[in-house]
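Colleague: I would like to learn how to read a protein fold step by step. Could you take my questions in turn?

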Amino acid sequence: MDEVDHPVDMIIYMHGGMPRDVGPWQFRAVIRDFHPNLRSTALVGVNAFIRQTINAFMRVVGQDHHKFFFAATLEEAIERIAALNDVHSAAS
């Protein structure tokens, strides 16, 4: 993301759950240290337990840094990011 000078949207596909090597402290660091070019993050395929855990972390650290949302499918994530891009393009 350091190589570009435009906003970047990220899709994280978590159908299999959280990676084994990612514990609460690593996850917290990722949530707190957003790259300035990161505009939005879509988490796809998250189960109910992981969703509740992520929501709790986001309430603690705040969500003011960028747009963050859950999507059931990759297609939904792509559609929602495209809609965000349309809104940002219209505002420019």
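The questions below go from the overall fold to single side chains.

Colleague: What pattern does the protein chain follow along the sequence?
Modeller: Keep in mind that this is a predicted model. The protein chain has three helices and three strands. Read along the sequence, these elements come in the pattern β-α-β-α-β-α.

Colleague: Among contacts between residues at least 6 apart in sequence, what share joins residues at least 24 apart?
Modeller: Leu38 and Asp9 show what a gap in sequence can look like in space. They are 29 residues apart in sequence, yet their C-alpha atoms are 6.0 Å apart. For the protein chain, the share of those contacts that join residues at least 24 apart is 84%.

Colleague: How many bridges join E2 to strand E3?
Modeller: Take E1 and E2 to begin with. Six bridges join strand E1 (residues 8–13) to E2, and the two run parallel. There, Asp9 stands opposite Ser40. E2 and E3 (residues 67–71) also run parallel, and the bridges between them number five.

Colleague: Which residue in E3 is the bridge partner of Leu43?
Modeller: Look along the pairing of E2 with E3. Ala42 has Phe69 as its bridge partner in E3. For Leu43, the bridge partner in E3 is Phe70.

Colleague: How many residues of strand E2 are buried?
Modeller: Leu38 has a relative accessibility of 9%, so it counts as buried, the cut-off being under 20%. Strand E2 covers residues 38–44 and is mostly covered. Its buried residues number seven of seven.

Colleague: Is Phe68 buried or exposed?
Modeller: Buried means under 20% relative accessible area. Phe68 has a relative accessible area of 12%. Because that value is under the cut-off, Phe68 is buried.

Colleague: How many of the five residues of E3 are buried?
Modeller: Phe70 is buried, with a relative accessible area of 13%. E3 is largely enclosed by the rest of the structure. The reason is its count of buried residues: four of the five.

Colleague: What kind of aromatic pair do Phe68 and Phe70 form?
Modeller: The structure holds one aromatic pair. Phe68 and Phe70 form it, with 5.5 Å centre to centre. Their planes are 80 degrees apart. Angles over 60 degrees count as edge-to-face, so this pair is edge-to-face.

Definitions and conventions. Residues are numbered from 1 along each chain as its sequence is written. This is a predicted model: local features need pLDDT of at least 70, side-chain atom pairs count only at pLDDT 80 or more; totals for chains, interfaces and linings use all residues. Side-chain values use heavy atoms; hydrogens and water are left out. Contact means heavy atoms within 4.5 Å. Buried means under 20% relative accessible area, exposed over 50%, partly exposed in between (1.4 Å probe, protein chains only). Two strands pair if DSSP finds at least two bridges between them. Rings of Phe, Tyr and Trp (its six-membered ring) pair if their centres lie within 6.5 Å; planes under 30 degrees apart count as stacked, over 60 as edge-to-face and the rest as tilted.
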